[in-house]
Amino acid sequence: MPLLPGAEPFHHRGGPVGVLLCHGFTGSPQSMRPWAEELAAAGFTVSLPLLPGHGTRWQDMQVTRWEDWYAEVERELLALAEECEQVFVCALSMGGALALRLAALHGPTVSGLVLVNPSVRSDNPASVLLPVLRHLVPSLRGIADDIALPGVTEGGYDRTPLNAAWSLGRLWREVQQRLPEVTQPVLLFHSPQDHVVSPANSELVLARISSTDVTERLCERSFHVATLDHDAAEIFTASLDFIRRLAPAHAAGVTRVESDDHHG
């Protein structure tokens with residue numbers, strides 16, 4: 001299947017500090033691309049993969065499971081870790097659940113997390129019906145494009161594949177159990193007006209993780225896809241500050257990158 005416009009993965013060879021970006025459920029790299037480009041311009045080595053089953057048509061996602069999505073970001077994390085001295089993970093929505101599992105399982109390989117409206121629990125009472133419903137109905141209305149800024153799209157699916165949604169619930173349970181294993185510094189953004197992921201998700205993350213270096217920021221003017229919304233610039237700036245504070249290797253690498261930026 002051809003990729004949807006904007007769904008292409010993004011990779012940039014930069015300095016000794018790497019950043020992995022994880023997009024959300026039924027979304028695509030389009031939701032994270034401006035952030036990835038900002039990080040690349042700042043001299044970081046950046047990886048923004050396309051998750052399996054995403055970026056084409058929702059039917060392709062029906063045959064994928066959370067283990068497939070996680071395997072992709074884990075591969076990218078380990079590739080960055082081989083190439084870079086430090087690696088940070090930035091994530092949106094379900095990408096936040098994947099990022100938290102990476103942090104729990106890979107410990108010091110992950111130097112810090114930047115989470116935007118992370119999704120770690122179900123907010124829909126009807127989700128208890130998914131084990132049965134997924135055998136009767138292939139999909140429901142999509143969740144993409146919850147964005148306050150007019151005319152902006154994240155390139156997500158207009159339908160939610162129910163086999164995949166059922167698997168997402170299993171990922172949430174797995175991640176909830178592992179939250180106390182997360183000890184890395186965390187910068188967490190969440191939107192009070194999020195029509196996809198309730199604030200209870202961020203509250204759960206903040207209550208359960210074991211991290212001591214934790215910053216919470218509100219995206220007052222944005223909906224769920226805050227990375228493409230009114231607060232995007234604040235997210236990008238604060239994440240750059242967060243990574244620079246925790247990455248002494250970056251300062252040493254910046255001068256080298258400026259003279260070696262033809263890798264793109």
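This is a predicted model: local features need pLDDT of at least 70, side-chain atom pairs count only at pLDDT 80 or more; totals for chains, interfaces and linings use all residues.

**Entry 1: the sheet**

I began with strand S4 (residues 86-92) and strand S5 (residues 112-116), which run parallel and are joined by five bridges. Helices and strands here are DSSP runs (H or I of at least four residues for helices, E of at least two for strands), numbered from the N terminus. Two strands count as paired if DSSP finds at least two bridges between them.

Residues are numbered from 1 along each chain as its sequence is written, and side-chain values use heavy atoms, with hydrogens and water left out.

Next I wrote down the whole sheet: it is open, has seven strands in the order S1-S3-S2-S4-S5-S8-S9, and its pairing is mixed. Strands S1 (10-12) and S9 (214-218) are at the edges with a single partner strand each, so one side of each has no neighbour in the sheet. From one strand to the next the twist averages 15°.

**Entry 2: helices on the sheet and on each other**

Helix H4 (residues 94-106) packs on the sheet, where I found it touching strand S2 (17-22), S4 and S5, with its direction at about 150° to that of S4. Contact means heavy atoms within 4.5 Å. Angles run from 0 to 180 degrees between N-to-C directions, and axes are lines fitted to C-alpha atoms, for helices over the stretch in contact. Helix H8 (residues 232-246) lies across S2, S4, S5, strand S8 (186-190) and S9, and runs at about 170° to S8.

I also checked a helix pair: H3 (residues 66-83) and H6 (residues 162-178) pack at an angle of about 60°, their axes 8 Å apart. Trp 66, Glu 67 and Trp 69 make the contact from H3, and from H6 come Ala 164, Ser 167, Leu 168, Arg 170, Leu 171 and Glu 174.

**Entry 3: annotated residues**

Which residues does UniProt list as "active site"? The unreviewed entry gives Ser 93, Asp 194 and His 224. They span 132 residues in sequence, yet no two of their C-alpha atoms are more than 10.7 Å apart, so they gather at one spot. I placed Ser 93 in the loop between S4 and H4.

For "binding site", the unreviewed UniProt entry lists Phe 25 and Met 94. These span 70 residues in sequence, but no two of their C-alpha atoms are more than 5.5 Å apart, so they gather at one spot. Phe 25 is in the loop between S2 and helix H1 (33-41). A caution for my own use: such annotations may be inferred rather than shown by experiment.

**Entry 4: cavity and pocket**

How many cavities of 30 Å³ or more does the whole structure have? My search found one. On a 1 Å grid over the protein atoms alone, a cavity is a set of points where a 1.4 Å probe fits but cannot get out; a pocket is an open set with protein on both sides within 12 Å along at least five of seven lines, and lining residues have an atom within 4 Å of a point. The largest cavity holds about 70 Å³ of space. Its lining includes Phe 25, Ser 93, Ile 143 and His 224.

The largest pocket has a volume of about 960 Å³, where a volume is the space filled by probe spheres set on grid points joined across faces, edges and corners. The pocket is lined by 33 residues, with Ser 122, Asn 124, Ser 127, Ile 143 and Trp 172 nearest its centre. H6 gives the most to this lining, nine residues.
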